[in-house]
Amino acid sequence: MTVINAIWLLVVNIVAWLVLHFSISALCFKIPLRFFLKDLAFFRIAKWEEHGEIWNRLFLVKKWKKHLIDGSAIAKKSYNKSHLHGTKREDLLIFAAETKRAEMTHWLLILPAPLFFLWNPVWAGCINIVYALLANLPFILTQRYNRGRIENILDLSNRGN
């Protein structure tokens, strides 16, 4: 592979990822909040996740999550998950729902990675798979960590009523 071909391949891959990132994010942003307010099995925090604490224990999420870019920095109308917008029950429910939206977005951003094998040599396709995982798993772990903690607070407040 010549240097020109490698540069061209890099540019094609970067443009493809940018189109995928913006398209998938825009589509997920259009899904009504009420969809994420539902108790869907896919988003449920499992008992073994210990209200999200397992992610902090295994990956120290609490230490590095503040360095991740929140989607609202790019899409100004989206929900900023870098901080709570209040402590009322409704505020916590909305925050938890928005973590589901973000989690789903990042799972969907991983799915197209195998398509990169269509125009890349195997080694470059593998690099794109690694990129998809490294670029999205930290966000998924952060959303599950945050939602586990929020849902625990909501559960505790339900028991207190």
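In which helix is R147 found? R147 sits in helix 6, residues 122–160. This is a predicted model, where local features need pLDDT of at least 70, side-chain atom pairs count only at pLDDT 80 or more, and totals for chains, interfaces and linings use all residues. Residues are numbered from 1 along each chain as its sequence is written, and side-chain values use heavy atoms, leaving out hydrogens and water.

Start with the overall layout. The protein chain has six helices and zero strands. Helices (H or I, at least four residues) and strands (E, at least two) are DSSP runs, numbered from the N terminus. Of the chain's 161 residues, 35% count as buried. Buried means under 20% relative accessible area, exposed over 50%, and partly exposed in between (1.4 Å probe, protein chains only).

Now return to R147. It counts as buried because its relative accessibility is 0%. Its side chain makes a polar contact with the side chain of E103 at 2.4 Å. A polar contact is a pair of N or O atoms within 3.5 Å; within protein, one must be able to donate a hydrogen and the other to accept it, and residues adjacent in sequence count only if both atoms are side-chain atoms. Leaving aside residues up to four places away in sequence, R147 touches F43, I45, A96, T99, K100 and E103. Contact here means heavy atoms within 4.5 Å.

V3 is found in helix 1, residues 3–30. V3 counts as exposed because its relative accessibility is 61%.
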